[in-house]
Amino acid sequence: MTLCARRNPTPAMARLSFAKGDEVEILRSCSDPELRDAFYPATVLRSPARAKELIFVEYLTLPRGSSGGGGGGRPERLREYVGLARARPAPPRELHERFRVGDEVDAYRENGWHFGRIVEIREDSKYLVAVGGGREEVEFGQWELRRHREWSGDGVWSPLFVGDQKQFLKIDLQEKSSTMELKSCNIKFKIRLNKRTSLAPPEFGKGKVVEVSSDEKGYEGSWFSAVIVNYIGHDKYLVEYLTLKADDETEPLREEAYSRYIRPFPPHLPASCFKRLDKVDAWYNDGWWVGVISKVLKGSQYIVYFSTSHEELIFDKSNLRLHKDWIDGKWVIASRDNSTEVALQMASLRGNTEYGKPNVKVKFSKGMKVEVRSDEDGYRGSWYTAVIDDTIGDKFLVEYQTLKTDDETKFLKEVAESSHIRPFPPDIERVHTFAQHEMVDAWYNDGWWVGHISRILGGLKYKVYFITSSEELEFEHLDLRPHQEWIGGRWVITSKGHRSV
């Protein structure tokens with residue numbers, strides 16, 4: 001069997017124009033010479049750029065090559081100018097599509113989408129896929145695959161998506177109906193409305209793909225993919241599951257669910273790797289179960305702790321995804337769940353905790369990466385990355401990673417109070433835009449300054465207000481991170497209010 005990689009975009013593709021902020025995919029060469037070219041998700045930052053044939057993009061999954069610089073700065077993604085011939089719109093995401101042997105697919109690996117073909121269907125929603133021009137066969141989970149499509153450049157994907165097929169069918173029927181001669185009829189309809197019937201909330205309309213949870217014993221902390229069949233009133237829906245079967249195994253399971261147990265289907269956010277205490281969803285028994293990484297193993301395997309059942313299971317990286325919560329109509333990416341550190345050590349901590357004091361006392365040791373704040377005028381509300389250099393009584397000598405001495409030859413060292421030091425916060429990859437009034441940290445003058453979003457501008461830019469200086473400055477999306485507080489031995493994400501993670 002021979003696979004042909006889609007290396008050359010069509011001429012129509014080169015004529016397509018993109019606007020700032022558009023989500024696109026860029027065809028580029030892989031770092032692995034054994035792999036063919038692949039499509040990588042990106043966002044348009046500037047268009048047109050320098051010439052009409054170029055756009056300036058930022059990749060969502062490719063980091064910028066390391067070039068030194070202290071290691072304490074903002075997380076940076078690769079940015080570059082690319083030709084329009086290498087760009088196409090990001091295709092709509094299809095959810096839980098099932099494949100057959102021989103189907104052409106795109107498989108997510110090495111931070112991009114690679115062309116392949118289904119070779120074998122395996123258990124637990126997994127497939128064996130021939131990639132790299134047929135030279136290699138790799139197992140992928142269903143969630144790591146999508147049907148391969150080509151972009152014609154005139155607004156049409158081939159093969160068509162389901163929604164596009166319906167639209168073309170609708171247009172075709174309209175054209176056919178225009179050629180038919182209809183006779184007018186005097187028909188009267190009498191419609192009786194039940195005043196007690198309530199309408200379905202628009203966010204959960206008929207046919208919408210969602211995730212459904214349950215408080216049934218043994219299923220707490222799990223989410224299953226489903227489609228809204230209908231709204232049946234009294235804040236209740238009839239749903240059809242995409243991965244669960246009825247008792248006779250012949251048809252998908254249908255059941256009623258209250259809206260409080262339903263949420264939109266979360267966006268796909270690829271993760272290069274996970275760390276201890278990262279909050280994740282694990283694919284198990286045809287659903288996603290909320291847990292926390294308790295140990296990182298070799299070979300891209302992890303031990304996940306489930307607080308609802310107090311169990312630990314081993315999972316491959318391909319069976320994990322970043323945990324996200326649907327809060328106030330938006331997705332919030334969970335930070336590393338330091339509260340689970342307490343749960344894992346609860347037996348030893350019970351009986352030894354004083355009221356009002358942290359459950360976990362951080363011990364700062366030499367070489368530990370931290371953040372340091374200052375009460376000096378003009379610096380209040382800012383945090384700087386540093387490394388513990390030595391202990392001096394109850395104080396610490398720290399070496400900053402972004403601040404230099406007056407002669408600019410060495411990193412600045414100074415003594416700091418322990419009350420001014422906190423652990424280095426977990427990195428939260430914020431793909432979606434920030435909301436009005438959301439608390440953030442802004443990268444400014446080599447440090448992170450606490451403020452809130454005062455205005456949302458176009459092109460992934462924001463106005464941020466700083467209460468300590470009563471100033472309002474403009475920042476790009478990449479220069480901001482969700483604000484977190486170190487409270488009670490764990491990180492708390494601050495949005496419009498406090499939410500413990």
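**Reading pairs, pockets and cores**

A: Begin with two residues: Tyr 108 and Trp 113 are both buried, where buried means under 20% relative accessible area, exposed over 50% and partly exposed in between, with a 1.4 Å probe and protein chains only. This is a predicted model, in which local features need pLDDT of at least 70 and side-chain atom pairs count only at pLDDT 80 or more, while totals for chains, interfaces and linings use all residues. Residues are numbered from 1 along each chain as its sequence is written, and side-chain values use heavy atoms, with hydrogens and water left out.

Q: What percentage of the 501 residues in the protein chain is buried, and how many helices and strands are there?
A: Buried residues account for 41% of the 501. The chain has four helices and 37 strands; these are DSSP runs numbered from the N terminus (helices H or I, at least four residues; strands E, at least two).

Q: How is an aromatic pair described?
A: By the distance of the ring centres and the angle of the planes. Rings of Phe, Tyr and Trp (its six-membered ring) pair if their centres lie within 6.5 Å; planes under 30 degrees apart are stacked, over 60 edge-to-face, and the rest tilted. The whole structure holds 24 aromatic pairs. One of them, Tyr 108 with Trp 113, is edge-to-face, at 5.2 Å centre to centre and 70° between the planes.

Q: What shows where empty space is left?
A: A probe the size of a water molecule, rolled over the atoms. On a 1 Å grid over the protein atoms alone, a pocket is an open set of points where a 1.4 Å probe fits, with protein on both sides within 12 Å along at least five of seven lines; lining residues have an atom within 4 Å of a point. The second largest pocket holds about 780 Å³, a volume being the space filled by probe spheres set on the points. It is lined by 40 residues, and those closest to its centre are Tyr 108, Trp 143, Glu 144, His 268 and Ser 318.

Q: Which element gives the most to that lining?
A: β9 does, with four residues.

Q: Which residues have the most contacts inside the largest nonpolar core?
A: A nonpolar core is a set of buried Ala, Val, Leu, Ile, Met, Phe, Trp, Tyr and Cys residues joined through side-chain atoms within 4.5 Å. The largest has 26 residues, and Val 212, Val 239, Ile 262 and Leu 320 have the most contacts inside it. β14 gives the most to this core, with four residues.
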